[in-house]
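Please examine the sequence and the structure shown below.

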Amino acid sequence: MTPFDAQAILEKLPPEILPLSTGLDHIGLAVESLEASLPLYHELLGLPLLYQEEVVSDGVRVAVLDLGHGHLELLEPMGPETPVGRFVAKRGPGIHHVALGVKDCAQAIACFRDAGLQLLDQAPRPGAGGKQIAFVHPRSTGGVLLELCQSHP
Ligand code: ZN
């Protein structure tokens with residue numbers, strides 16, 4: 001991780017958008033199959049299942065469970081040649097990303113860019129649950145695939 005002057009970047013922003021993050025939005029887990037994972041997280045642990053959907057643009061089937069404070073996002077790849085499919089093939093199932101809520105995804109992207117951090121998305125794009133999202137490369141975050149997630153566009 002390259003050090004940068006966070007204060008200098010934040011000083012240019014309108015105070016009403018600070019702090020940038022509103023806290024944990026969700027944790028994304030790569031799984032081989034939603035059907036095989038729901039008995040643990042939904043039935044045994046009792047996390048309410050909020051919704052399931054396919055995000056075709058990302059090649060994943062998603063099941064979202066309520067953690068109380070934040071969500072658990074189970075990600076089943078729709079094929080081996082998808083980002084999550086390649087992740088599972090390379091590392092096996094497990095923690096895929098951490099998503100932090102932001103008030104304004106476009107503004108957060110601009111801040112990260114100003115800080116010299118490497119983004120995988122240069123503009124907000126639609127994610128699961130109608131959210132606006134952008135990913136930050138693990139190279140810029142100490143090894144964590146970080147999702148910036150704006151709930152209310
Ligand atoms: Zn996510």
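Two residues are in contact if their C-beta atoms, placed from the backbone, lie within 7 Å. By that criterion, 55% of the contacts in the protein between residues at least 6 apart in sequence join residues at least 24 apart. The model discussed here is predicted.

The overall dimensions come next. The C-alpha trace of the protein spans about 45 × 30 × 25 Å along its principal axes. For 153 residues, a compact globule would have a radius of gyration near 15 Å, and the 16 Å of the protein agrees with this. Of the 153 residues, 27% are buried.

The secondary structure consists of four helices and eight strands. Read from the N terminus, these elements follow the order α-β-α-β-β-β-α-β-α-β-β-β.

Strand β1, residues 21-30, pairs with two other strands, β5 and β4. With β5, residues 94-102, strand β1 runs antiparallel, and eight bridges join the two. Within this pairing, Gly23 has Gly101 of β5 as its bridge partner. With β4, residues 71-77, strand β1 runs parallel, and the two are joined by five bridges. Here the bridge partner of His26 is His71 in β4. In a regular strand, the side chains alternate between the two faces of the sheet.

Is helix α2, residues 34-44, buried or in the open? None of the 11 residues of α2 is buried, so the helix lies largely in the open. Following α2 is Gly46, which has a positive phi, near 80 degrees. As regards helices in general, an α-helix has 3.6 residues a turn, so residues three or four places apart point the same way.

Leu72 brings several parts of this description together. Leu72 belongs to strand β4. Leaving aside neighbours within four places in sequence, Leu72 is in contact with His26, Ile27, Leu29, Tyr41, Leu47, Leu65 and Leu67. One of these contacts, Tyr41, is 31 residues from Leu72 along the chain, and the C-alpha atoms of the two residues are separated by 9.0 Å. Another, His26, is the residue whose bridge partner in β4 is His71.

How values were computed:
Residues numbered from 1 in each chain as written. Predicted model: local features only at pLDDT ≥ 70, side-chain atom pairs only at ≥ 80, totals over all residues. Pairing = 2+ DSSP bridges. Buried ≥ 20, exposed ≤ 12 C-beta atoms within 10 Å, placed from the backbone. Rg over C-alpha atoms; globule rule 2.2 N^0.38 Å.
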